[in-house]
Structure formats: structure tokens, C-alpha cells
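Dear colleague,

Please find the structure below for your study.

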Amino acid sequence: MKKIVAFTGSNHSKSIHQQLLNFAVEKITESEVTMLDLSDYPLPIYSLDIEANGIPEEVRKLKEVFVANDAIIIATPEHNGSMPAYLKNVIDWLSRLVPPKNPFFGDKHKPVLLMSTSPGVTGGSTNIKTMAELMPWWGGDVKGTYSLGSYFEKVVDGKLTPETDQELTDVIKLFEAQL
Ligand SMILES: Cc1cc2nc3c(=O)[nH]c(=O)nc-3n(C[C@H](O)[C@H](O)[C@H](O)COP(=O)(O)O)c2cc1C
């Protein structure tokens, strides 16, 4: 059985990405899933000065989590068309564990599913497109992307609408089939 680690790039206590991830993870049937909370690995904003005193232990621990898993699901907000600083900071720190331009998720081709949502219609898809382009540099092999626009119209009374539920089921099945 393959092992998947799932996490959000949001530091919002009522994150809609965490909710989306919860919906997605419920649909995983063929793999073992670990939900990772980045707030368990608090990191300072990346700085060459801080790094000169040593890469924080949390960065190494995070890398161990990725190494220990066969695949990654990331659900992340889009901030001004790009990655939230919170997630970018984690990426920047992880990248310092390896020589420049080397993969840092554990191997060269770690299967990745990228997801996003937002109250707006585009659902954070601009950032997901950019992340998908960058992922090969980071060691991720993007097997699927999913952006859910208009979140508060697609999640009603804490439930996905039937069409969205089916959409997400299909995304997860396709991802699992590629592991
Ligand atoms: C600084 C900032 C910039 C944002 N920029 C975008 C954006 O470019 N595109 C978008 O779809 N939503 C944007 N949003 C709205 C986010 O999509 C929304 O805050 C996010 O989906 C909430 O997710 P969360 O609850 O998981 O943190 C922005 C929000 C903030 C606070």
C-alpha cells in the first residue's frame, strides 16, 4: 500500500483548503494517508543570516516526512496570483538541504497532486499552474491538478454539491491509479 502525505499551504485556523483536503482524503481508498500540519514545524522567514547559524531542525524533520512517503497532496491558497508566503517559506527552507536545482522532496519523481480553491471563480488556478511548472525542479512529478472555484457555492452546509463531489472523486481515483 502506497503512503501519501497531505498538507495545506494555509495558516488559517478555519482554512477552506483544509476542508477541501479533508473531503479529498476521505476519498482515498487504495493508499495510507498522513495529514501533515505545517504549523507543527514552525520556521522563521528564510534568511541567509539565520541559515549561517544552521538550518532549523524542523526543516530536516519535514524532509524526513516527505522521504518517508510515496506521494504528496498539496492544497494551497493563491495570494496575489502566487504561492502564499507561508508555503513559499517552507519550500525555500527545504531547498537549502540540497545543492541548488536538486530535488528536495525525497527523490526526483515524487508523485504530486496539486489542489486549490477560493471564494472567487478561478479557484486559485493561476498559482497551481505556476507550481506545476516549478514542481519538476523541486522533485515533484505532477500527476494531477484541481482548482475549485466559488468554494462557498460548491460547499453547502458543510457538504460538497453532488457534481463537485463526483469531480473530486474522479481526481482522487485518477491520482491513486498513477501511484
Ligand atoms: C493577501 C491575499 C491575496 C489573495 N489573492 C488571491 C488571488 O490572487 N487569487 C485568489 O483566487 N484568491 C486570492 N485570495 C483569496 C484566497 O483565495 C482566500 O483567502 C483563500 O482561498 C482562503 O483559503 P484558506 O482559508 O485555506 O486560507 C487572496 C487572499 C489574501 C489574504
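**Surroundings of the ligand**

The shell around the ligand is made up of 12 polar residues, 2 nonpolar and 1 charged (Ala, Val, Leu, Ile, Met, Phe, Trp, Tyr, Cys and Pro count as nonpolar, Asp, Glu, Lys and Arg as charged, and the others, Gly among them, as polar). Of these 15 residues, Ser10, His12, Ser15, His17 and Ser118 come nearest; a residue is near the ligand if its C-beta atom, placed from the backbone, lies within 6 Å of it.

Please note that this is a predicted model, in which local features need pLDDT of at least 70 and side-chain atom pairs count only at pLDDT 80 or more, while totals for chains, interfaces and linings use all residues. Residues are numbered from 1 along each chain as its sequence is written.

**The chain and helix α5**

The chain has 7 helices and 7 strands (DSSP runs, numbered from the N terminus: H or I of at least four residues for helices, E of at least two for strands). Of its 179 residues, 32% are buried, meaning that 20 or more other C-beta atoms, placed from the backbone, lie within 10 Å of the residue's own.

In α5, the buried residues are Ser125, Asn127, Ile128, Met131 and Met135. They pack against β4 (110-117) and β5 (140-148), where contact means C-beta atoms, placed from the backbone, within 7 Å. Shortly before the proline Pro136, α5 has a kink of about 30 degrees at Ala132 (the angle between axes fitted to the seven residues ending there and the seven starting there). After α5 comes Gly139, with a positive phi near 100 degrees.

Note on methods: Buried ≥ 20, exposed ≤ 12 C-beta atoms within 10 Å, placed from the backbone. Contact = placed C-beta atoms within 7 Å.
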